[in-house]
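Visitor: Please take me through this model slowly, and for every label you use, tell me which rule stands behind it.

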Amino acid sequence: MNAAPLSLSAPHRPRPAGEPLHVLWLQSGGCGGCSMSLLCADTPDLPATLRDLGLNLLWHPSLSLDSGRAVLNLLDDLVDGRVRLDVLCVEGALLRGPQGTGRFHMLAGTGLPMIDWVKRLSAVAAQVVAVGSCAAWGGISAGGDNPTEACGLQYEDDQVGGLLGEGFRSPGCAPQASVWPVINIAGCPTHPGWVLDTLGALAMDGFTPDDLDALGRPRFYADQLVHHGCARNEYYEFKASAERPSDQGCMMEHLGCKGTQAHADCNIRPWNGEGSCTRGGYACISCTEPGFQSPGHAFDQTPKLAGIPLGLPTDMPKAWFVALASLSKSATPKRVKHNATADHIVVPPAIRKTRLK
Ligand code: SF4
Ligand code: SF4
């Protein structure tokens with residue numbers, strides 16, 4: 001077993017043109033939900049989809065048959081450069097405890113903590129990808145007093161650093177040279193489309209560092225807000241608010257919804273083809289954002305000051321919000337007002353002559 005001192009200067013092996021992307025997936029401190037979510041990808045044959053995207057999944061702890069010595073040999077081959085590693089995907093937070101030793105999470109059969117393996121493999125991978133908010137920021141695994149000293153690959157909540165450090169960079173999979181931070185596919189769990197689109201874009205050399213936002217999230221989903229496309233938008237417009245979880249109204253004012261602040265396309269690209277948190281009657285808890293796990297209030301309640309929600313929509317000055325809210329509340333149609341606090345349509349839309357023939 002390879003037990004050489006850790007190094008972040010090992011050579012990267014470039015991917016020959018036309019070769020599939022070699023992807024290794026490791027699971028660390030998390031629930032495995034991002035892998036479970038990947039299994040819900042919109043395809044009847046996930047292995048075929050991966051192949052079609054140009055991905056060669058070298059190993060995944062839940063999806064691959066290999067275990068034991070075969071996997072340990074593969075890890076050695078990757079670290080020593082005998083097998084090329086294009087993308088290292090890490091799911092779950094990196095557990096540095098106790099006292100920075102990482103011994104809360106040993107990789108069985110190696111005598112080494114998982115965090116050491118992640119550092120070794122990150123040094124030889126052309127690209128490092130955090131799958132889920134635990135691997136990106138620490139996430140749920142870093143909640144509360146964080147006794148396991150959990151952190152993300154390159155962030156600890158919104159502080160850059162994490163396991164690999166602020167200065168960590170990878171050369172990327174594309175032939176043209178670029179310099180990449182860790183790609184943070186944040187979400188708890190990740191939408192399967194976010195993972196497949198990111199890996200597929202990397203395989204097609206169709207992704208550049210400019211396609212990441214300031215927190216390293218792929219912009220194709222992080223340049224959206226959950227609020228975009230929410231089925232409750234008419235209620236939001238009139239500040240017609242739900243009071244109980246089963247109500248149809250907007251959940252921002254009373255039930256803790258952060259859809260106007262959460263960067264994600266959950267209501268534009270529905271989950272499993274049709275669902276989202278808000279469509280299912282649950283407030284968005286902004287699981288793609290650093291620190292979402294410890295908001296300082298109950299997830300299903302909206303903290304307020306003088307009756308005004310503290311978490312106002314992204315990009316909206318408070319004075320405007322207050323003025324618009326009071327104007328729209330005074331103009332709320334009876335239909336919207338009554339339906340907002342009911343679990344079904346109690347006042348249907350008026351029937352007007354449309355002049356259509
Ligand atoms: S429930 Fe949330 S996401 Fe939907 S309209 Fe209201 S604030 Fe926006
Ligand atoms: S709606 Fe909000 S809480 Fe739900 S998955 Fe999307 S970002 Fe996460």
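**Labels and their rules**

Guide: L63 is found in the loop between β2 (55–59) and α3 (68–79), where helices (H or I, at least four residues) and strands (E, at least two) are DSSP runs numbered from the N terminus. What you see is a predicted model, in which local features need pLDDT of at least 70 and side-chain atom pairs count only at pLDDT 80 or more, while totals for chains, interfaces and linings use all residues, and side-chain values use heavy atoms, with hydrogens and water left out. Residues are numbered from 1 along each chain as its sequence is written, chains are lettered from A, and ligands are numbered from 1 in the order in which they are written.

Visitor: Why does L63 count as partly exposed?

Guide: Buried means under 20% relative accessible area, exposed means over 50%, and partly exposed is what lies in between, computed with a 1.4 Å probe on protein chains only. L63 has 36% relative accessibility and therefore counts as partly exposed.

Visitor: What makes M36, L39 and L63 a patch?

Guide: Patches are made of residues with over 30% relative accessible area and no salt bridge, with like charges joined within 9 Å and nonpolar side chains (Val, Leu, Ile, Met, Phe, Trp, Tyr) within 5 Å. By that rule M36, L39 and L63 form a nonpolar patch on the surface, and together they have about 290 Å² of accessible area, a value from the Shrake-Rupley method with a 1.4 Å probe, for which only the protein chains shown count as cover.

Visitor: How do you know that the length of α9 agrees with its number of residues?

Guide: The expected span of a helix is 1.5 Å times one less than its number of residues. For the 13 residues of α9 (residues 318–330) this gives 18 Å, and the end C-alpha atoms are 18 Å apart, so the two values agree.

Visitor: Which residues of α9 are buried, and how do you know on which side of α9 they are?

Guide: F321, A325 and S328 are buried in α9. They cover an arc of only 75 degrees around the axis, which puts them on the same side of α9; the arc is that of the directions from the helix axis to the C-beta atoms. An α-helix has 3.6 residues a turn, so residues three or four places apart point the same way. The buried residues of α9 pack against α8 (233–237) and β13 (308–309), contact meaning heavy atoms within 4.5 Å, whereas the face turned away from the buried side carries the exposed residues A319, W320, L327 and S330.

Visitor: Why is helix α4 called mostly covered?

Guide: In α4 (residues 114–124), ten of its eleven residues are buried, among them D116, W117 and R120.

Visitor: What makes R84 and E19 a salt bridge?

Guide: A salt bridge is a side-chain nitrogen of Lys or Arg within 4 Å of a carboxyl oxygen of Asp or Glu, and the closest N and O atoms of R84 and E19 are 3.4 Å apart. The pair links distant parts of the chain, with R84 in the loop between α3 and β3 (87–91) and E19 in the segment before β1 (21–27), 65 residues apart. R84, at 5% relative accessibility, counts as buried, while E19, with a relative accessible area of 33%, is partly exposed. E19, R84 and D86 are linked in a network of salt bridges.

Visitor: How many salt bridges does the rule give?

Guide: The count comes to 14. One of the pairs is R269 with D197, whose closest N and O atoms are 3.1 Å apart. R269 lies in the loop between α8 and β12 (304–305) and D197 in helix α6 (residues 192–203), so this pair ties together parts that are 72 residues apart in sequence. R269 also meets D265 in a salt bridge (3.1 Å, N to O), and D265, at 5% relative accessibility, counts as buried.
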